[in-house]
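Me: I would like to learn how to read a model feature by feature. Could you take me through one?

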Amino acid sequence: MIAKYRLTEEGKGYLKEGLPEKNLVKLLSYLKKPVTLEEANKKIKNFHIALKWAIEKGWVKKEDKKLILVKIPKKIEEQEALEKIAKEEEVSESLLNILIQRKLVEKISAEVEKTKKLVGKEVLHLTPELIKTGLWKKVKFKPYNVEAVGKKIYAGKRHPYNQFLILIRQKLVELGFKEMKGPTIETEFWNFDALYQAQDHPSRDWAMTYQLKKPKFGKLPEKRIVENVRKAHEVGVSRSIGWQYRWDPRKAMQLMPRAHGTCLSARTLAYEPEIPGKYFAIVRCYRPDVIDAMHAIEFNQLEGIAIDESLNFRNLLGILEMLAKEIAEAKEVRFIPDYYPFTECSTQLSCKHPQLGWIELGGAGMFREEVTYPLGIKAPVLAWGLGIDRLAMFKIGIDDIRNLFSRDLEWLRSQKVIL
Amino acid sequence: MAEESEGDFVMPSIEVSYKDLCSLIGKKISLEELRDAVLYAKGEIERISKDLIKIDIKDSNRPDLWSAEGIAREISGRIKKAGLPRYEVKKSKVLVEVDKRVSKIRPLTVCAVVRRLKINKAVLSQIIQLQEKVCNTFGRNRREVALGVYDLSKIKPPIRYTTVKPDGIKFVPLDFKERLTPREVLEKHPKGKEFGHLLKGFPEYPMFIDSANEVLSIPPIINSEYSGKVTEKTKEVFIECSGFNFKFLIPALNVMACALADRKGRIESVKVVYPDKVIFTPDLKPKKTFVEIDYVNRISGLRLSGKEICDLLEKARYEAKLKGRRIQLLYPAYRQDIMHARDIVEDAIISYGYNKIKPLAPRLPTIGGSSKIEVFSNSVAEVMIGLGLQEIISYNLTNKENLFKKMNLREEDVVEIENPVSANWDVLRSWLLPSVIEFLSNNKHVDYPQKVFEIGDAVVVDETRETKTRDERKLACVIADNKASYESISSLLDSLLTNLGVKYKLKAVEHPSFIPGRTAEVIVNNREIGIIGEIHPSVIDNWKLEVPLAGFEIDVELLSSHPRD
């Protein structure tokens with residue numbers, strides 16, 4: 001006959017050493033006097049189990065932190081049952097249940113039965129039953145083709161472009177720059193007017209930027225800012241002669257998706273920036289470009305400013321050189337005269353990338369006084385906007401900018417971590 | 001500011017002959033030297049094919065640089081320290097009479113005469129090119145400036161600037177053979193079709209016409225074939241600029257007159273008689289300004305002496321005289337871009353050479369930091385990838401069909417673009433789930449299960465804001481799998497929110513994008529922050545997908561402001 005139950009490791013221990021409650025009663029009857037809890041704990045193994053059962057069965061009671069023997073049981077059913085099970089004899093169901101509950105006895109499952117049949121054979125899997133029954137000693141494990149490559153699993157991963165942007169963000173924070181945030185939809189006021197771009201300037205041409213159909217007009221900021229900007233355009237501020245035209249607030253209220261990151265810098269300057277201060281932003285920008293391998297429908301710019309009374313053009317070149325080295329791993333930089341309506345002196349930053357060769361990294365300049373004065377800033381402000389998408393393409397190893405926003409899951413799954 | 005200026009501003013791109021350019025500079029310089037020298041004119045050589053060089057001029061505010069003459073002027077200044085170019089203006093007997101009838105249509109004109117010209121092919125192409133660039137870029141596509149150049153020998157002054165009825169006098173427009181009425185010119189001539197809108201709605205059109213009743217042109221549309229055509233045989237020209245504002249007209253005229261003077265032409269002024277005043281144009285007297293030595297040094301970061309600054313500015317074609325700590329300056333009349341001392345500093349340091357300045361990174365005591373929402377978004381993304389999901393990125397631009405129709409939703413207010421490049425991208429997304437499902441619809445051939453998420457911005461209409469809109473940072477997640485179910489997506493959400501330390505509740509709701517009875521609102525702090533459920537089979541079908549989808553979208557910003565338990 002095959003036994004249905006067997007002793008657990010704990011059960012086997014008690015079979016040999018006696019149940020803890022039995023040992024406690026034995027100790028008390030031997031000493032013939034109450035014993036402190038502390039002393040009993042020292043002498044009896046698994047004392048807490050012993051105490052629980054001895055009290056429950058009414059053999060022992062607790063008084064003033066001492067244990068007093070109440071009666072000596074004639075027989076201890078559980079102890080007898082353990083012996084019977086060890087001999088594969090029948091025991092009552094109620095006793096069996098108590099022992100199972102006490103985890104001294106366990107059911108021998110069908111799995112174990114099956115496992116027993118494996119003795120002497122070659123097995124595929126190591127199972128918990130083989131381990132528990134110890135039968136693993138009596139089987140042979142079938143060798144695998146360990147040289148075969150494992151089955152594909154797809155890790156959860158960041159998008160490579162975001163990984164790149166996170167690295168850039170981290171780098172700028174390390175260099176002491178604070179991150180700026182601003183709205184996707186801007187008024188022309190912040191996108192153009194506050195940057196001293198005349199309302200009839202060709203750069204504000206309809207074809208160069210998006211405009212909104214709905215909602216069409218936003219609100220202008222505080223009167224102090226608006227009036228200063230109007231003055232800068234119409235008659236000039238800080239010894240400037242201005243653009244000399246009639247500035248139209250209605251035009252400045254028109255809404256558009258931001259066309260460059262510079263609007264964030266303007267907003268930062270307008271609302272009490274730290275001086276000295278260094279700020280950056282990674283900005284999603286929108287322009288109605290013809291879409292091709294070099295022009296995506298949306299792109300990111302790395303925008304930045306530095307403000308301090310002491311700053312000058314030489315410092316601007318210094319910051320640009322640092323950024324080119326830190327971000328683009330450039331070995332050499334070159335500065336080329338450039339034009340932006342909101343900066344003067346302006347420069348283009350080109351740098352020699354170890355693999356790509358000379359690349360145009362972005363535009364920069366010192367904000368015109370016609371930009372900074374109306375926003376309440378008298379200290380020089382160095383400003384730049386770097387095109388980081390080209391670098392991202394290089395890092396990720398793609399040559400079509402549209403793949404930065406790749407919609408191909410297979411490709412994403414195959415991408416390596418950006419370092 | 002962008003890596004590519006052409007995306008930012010209208011950047012004039014011009015073609016010049018290498019030989020012609022060298023002869024204007026007065027010195028043969030190698031192509032290699034030229035590459036560096038054009039930087040003085042904020043130019044960049046785009047392409048060289050034989051003798052023809054294509055140059056991008058980055059300064060959209062200096063029409064004087066948009067020709068071979070202008071570039072040569074700038075280069076020869078720097079290599080020869082040529083100083084202020086002087087342009088002498090003699091008086092001509094040519095008179096232009098401005099009829100008050102133009103005052104409501106195109107009220108202003110300024111004119112010039114240039115004689116003793118020797119026009120060859122290169123000169124002719126420069127005249128045409130400069131005229132086009134001045135009108136299109138500086139003149140805002142002829143709206144602000146229309147500039148015409150005529151063969152003066154064919155004109156009998158005095159010239160009248162007057163108006164004509166659409167069915168009035170017939171003439172042969174440039175490059176045509178038949179005589180047309182002004183109305184027909186607007187209808188049939190390519191330039192009439194292109195620029196006719198500038199005269200739309202006016203009962204009469206502006207016209208230059210001479211004393212022999214020979215038509216010169218209908219500005220801003222087209223010249224006549226008879227006098228409005230300049231050829232290699234032309235020896236003397238009449239130039240007119242018409243528009244609304246002397247601020248644009250005078251620089252445009254000066255730029256053209258000076259370019260022709262650089263070709264050894266002799267400039268003569270024209271008497272322009274308005275009903276209420278008489279002016280003589282062009283006026284090429286140099287303009288006066290000044291700059292302080294300290295200012296130049298403070299802005300540049302250099303330590304230049306007054307003499308050195310004077311030399312640098314002479315190279316930039318100023319006349320500079322040191323007077324104490326100040327430098328008194330004269331600069332040519334073709335420049336209209338100098339608004340502030342800063343502009344003068346730039347000219348000086350361009351002469352100095354940007355690359356001779358030793359860069360010096362400032363040491364500012366600042367503390368860096370990422371924005372809170374980016375830091376939080378990153379933490380959310382970390383948990384999501386830990387749960388085995390692939391991050392995706394989408395454009396924020398999309399269309400209403402994706403946002404609403406394919407999601408079984410009725411159209412709501414969204415941010416709409418007036419001038420989209422394509423109808424596929426004419427609104428900004430107001431939620432992210434459609435972007436994520438669209439992604440899945442692009443990847444039907446790829447191994448399932450597919451589990452993806454996106455953290456990005458949605459833009460919603462919000463009347464209370466300055467920009468009438470608000471960005472919302474969202475997280476959307478969808479699993480596509482035979483076994484995708486409410487159970488699987490809700491345990492993902494639970495794991496995310498538990499790991500972020502957010503206590504939440506799910507409350508059954510109905511939403512047209514999801515299966516009824518398998519949709520819930522995500523509630524945090526008694527506030528709805530998102531939605532979760534099994535995607536409705538008809539939505540799956542709309543996206544031409546054939547696999548069950550379960551997903552959620554929650555507001556990351558609301559999550560980040562929630563106090564952790």
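The dialogue below goes through strands, a sheet with its helices, domains and backbone details.

Me: What should I know before reading the model?

Reply: This is a predicted model, in which local features need pLDDT of at least 70 and side-chain atom pairs count only at pLDDT 80 or more, while totals for chains, interfaces and linings use all residues. Residues are numbered from 1 along each chain as its sequence is written, and chains are lettered from A and ligands numbered from 1 in the order in which they are written.

Me: How many bridges join strand β12 of chain A to β13(A), and in which sense do they run?

Reply: Begin with the terms. Strands (E, at least two residues) and helices (H or I, at least four) are DSSP runs, numbered from the N terminus. Two strands pair if DSSP finds at least two bridges between them. Here, β12(A), residues 277-286, runs antiparallel to β13(A), with 10 bridges joining them. A:Arg284 has A:Asn300 of β13(A) as its bridge partner.

Me: Which sense of pairing links β13(A) and β17(A)?

Reply: Antiparallel, over 7 bridges, with β17(A) covering residues 381-387. A:Gln301 is bridged to A:Gly387 in β17(A).

Me: What is the strand order in the open sheet of chain B?

Reply: The order is β14-β16-β15, 3 strands with antiparallel pairing. At the edges are β14(B), 287-292, and β15(B), 319-323, each pairing on one side only. Axes are lines fitted to C-alpha atoms, for helices over the stretch in contact, and angles run from 0 to 180 degrees between N-to-C directions. Neighbouring strands of this sheet are turned by 25° against each other on average, direction ignored. β14(B) runs antiparallel to β16(B), residues 326-331, through 6 bridges. One bridge pairs B:Glu292 with B:Arg326 of β16(B).

Me: Which helices pack on this sheet?

Reply: Contact comes first: two residues are in contact if their C-beta atoms, placed from the backbone, lie within 7 Å. Helix α9(B), residues 293-300, packs on the sheet and touches β14 and β16 of chain B, its direction making about 65° with that of β14(B). Helix α10(B), residues 306-315, also packs on the sheet, touching β15 and β16 of chain B at about 165° to the direction of β15(B).

Me: How is chain B divided into domains?

Reply: Domain bounds come from an automatic or database domain assignment. For chain B they give domain 1 (5-80), domain 2 (89-281), domain 3 (287-353) and domain 4 (372-560). The C-alpha centres of domains 3 and 4 of chain B lie 58 Å apart.

Me: Where are the cis peptide bonds in chain B?

Reply: Read omega. One cis bond joins B:Thr281 and B:Pro282, with omega about -5°. B:Pro282 is in the loop between β13 (278-281) and β14 of chain B. Another joins B:Tyr448 and B:Pro449, with omega about 0°.

Me: Is B:Arg317 buried or exposed?

Reply: B:Arg317 counts as buried, because it has 24 C-beta neighbours inside 10 Å. Now read phi. B:Arg317 is not a glycine, yet its phi is positive, about 75°. B:Arg317 sits in the loop between α10 and β15 of chain B.

Technical notes
A residue is buried if 20 or more other C-beta atoms lie within 10 Å of its own, exposed if 12 or fewer, and partly exposed in between; C-beta atoms are placed from the backbone.
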